[in-house]
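Here is a friendly walk through one structure, with an eye on its helices and charged side chains. Take a look at the sequence and the model first, and then read on.

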Amino acid sequence: MLYKSNDDLPLEIRTRLSEAYQELYRAAFNSALHWYGEASKAHQVALSAVRMQSAMDRNVVVSG
């Protein structure tokens, strides 16, 4: 099942992730579901995408 909006995401995802990460999760999930055809695999891929982006966001150096 593709997620058309963040409101369609599972409650656990909506409550644990910010709006931006929900968008990332949804896009990654939908893409992986199309590619692999398995919801469990798509969930793993989407969570991995969120973890990777989160790690990159923490490593951003702000100069100023």
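## Salt bridges and the helix around them

Glu12 and Arg16 both sit in helix H1, 4 residues apart, or about one turn of the helix. Helices here are DSSP runs of H or I with at least four residues, numbered from the N terminus. This is a predicted model, in which local features need pLDDT of at least 70 and side-chain atom pairs count only at pLDDT 80 or more, while totals for chains, interfaces and linings use all residues. Residues are numbered from 1 along each chain as its sequence is written, and side-chain values use heavy atoms, with hydrogens and water left out.

How many salt bridges does a search of the whole structure find? The search finds 2, where a salt bridge is a side-chain nitrogen of Lys or Arg within 4 Å of a carboxyl oxygen of Asp or Glu.

| Salt bridge | Closest N and O atoms |
|---|---|
| Glu12 with Arg16 | 2.9 Å |
| Glu23 with Arg26 | 2.9 Å |

Glu23 and Arg26 belong to helix H2 and are about one helical turn apart, because 3 residues separate them. An α-helix has 3.6 residues a turn, so residues three or four places apart point the same way.

Now for exposure: buried means under 20% relative accessible area, exposed over 50%, and partly exposed in between (1.4 Å probe, protein chains only). Glu12 is partly exposed at 47%, and Arg16 is exposed at 60%.

Asn6 lies in the segment before H1 and is buried, with a relative accessible area of 6%. Leaving out residues up to four places away in sequence, Asn6 touches Arg14, Glu19, Gln22, Glu23 and Arg26, contact meaning heavy atoms within 4.5 Å.

Helix H2 itself covers residues 19-36. Its buried residues include Tyr21, Tyr25, Phe29 and Leu33, and what covers the buried residues of H2 includes helix H1 (11-16) and helix H3 (39-58). Just after H2, Gly37 takes a positive phi of about 75 degrees.

How values were computed: Helix = DSSP H or I, 4+ residues; strand = E, 2+ residues; numbered from the N terminus. Expected span 1.5 Å × (residues − 1).
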